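Here is a friendly walk through one structure, in questions and answers. Take a look first, then read on.

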Amino acid sequence: MVSSISLSWSSLSIALPRQRVKIEQLSNTDLILRCQEGNKPDRVAFTELLNRYQPYVDKILYNLAPDWHDRPDLAQEVWIRVYKNIKRLQEPNKFKGWLSRITTNLFYDQLRKRKRRTPPLSLDASISRGDDDDLKWEIPSDVPLPEDNLSTVEFYDLLNRAIADLPETFRVTIILREIQGLSYEEIAEITQVSLGTVKSRIARARNRLQLLLKPYLENQN
C-alpha cells in the first residue's frame, strides 16, 4: 500500500536571494531605506547618499556663511549627525528637508557659540512698509537656467552679492525664508527670536536689497 504525503506551500520557507542592483541605480528613497537597515547605516549606500547631497549642503552653508572658512568642517559635522540619526527619519521621501534642517540648526549652533559682536545695524531703522507678506521675492539659484540671457545672469550675480553683503542677522533670516522656504514660525524657533522680530528682519532685508538693486534696475529701463 502506497501512503500519500500532502504538502502545504505555506509550510515551506524558501529564502530567495536578494536581487543585486548597482548602488548608483538605487533611488534616493531606496538608499535611505538601505541606510536604515541593520544596526548601522550601510557604508556603501551612505557614501552614495552623501555624494548626491553634498553639493546641496555646501550651497546651504555658503549662503548662510559666505565668509566662514571652516564650512568644510561644518559640512562634515552635518553628515556625522545624519549618520547617527538617519534611522529616526520617519518619512524617507522628506530627506532633503530633514537634511536642510540639520544643516541650518548646526550653523545656528555654531553662530551662537561664536558670540560675534556685530556692528550697529542700520537696517533697524523704521521703514514705511505695509504687511511684510505683500513683498513677494524669489531668490534665484546660484546656477542660472540655460535659457537665461547675459543680463539675467548679471542680475542674479548682483543679487547674490547683495545678499552676502547684508549684516549676518538679516542675511541668515532672509536665506532661511527665501532660499530654504522655511515658515516664519520655523525661523523663529531656529533663531530663538520672536515671530515679530523674524518678520521685521525679513522686511528690512528685502528693503535693503531693493535699495541695493535699484540703480541696476533703473539702468535696465
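Q: Among contacts between residues at least 6 apart in sequence, what percentage join residues at least 24 apart?
A: This is a predicted model, in which local features need pLDDT of at least 70, side-chain atom pairs count only at pLDDT 80 or more, and totals for chains, interfaces and linings use all residues. Residues are numbered from 1 along each chain as its sequence is written, and side-chain values use heavy atoms, leaving out hydrogens and water. A contact means heavy atoms within 4.5 Å. Of the contacts in question, the share joining residues at least 24 apart is 67%.

Q: How many helices are in the protein?
A: Helices (H or I, at least four residues) and strands (E, at least two) are DSSP runs, numbered from the N terminus. The protein has zero strands, and its helices number eight.

Q: What share of the protein's residues count as buried?
A: Buried means under 20% relative accessible area, exposed over 50%, and partly exposed in between, with a 1.4 Å probe and protein chains only. For the 221 residues of the protein, the buried share is 35%.

Q: Which helices do the buried residues of α4 pack against?
A: Helix α4 covers residues 95-114. Its buried residues include Phe95, Trp98, Leu99 and Tyr108. Their packing partners are α1, α2, α3, α6 and α7.

Q: Is Gln192 buried or exposed?
A: Gln192 sits in the loop between α7 and α8, and has a positive phi of about 60 degrees although it is not a glycine. Because its relative accessibility is 58%, Gln192 counts as exposed.

Note on methods:
The expected span of a helix is 1.5 Å times one less than its number of residues.
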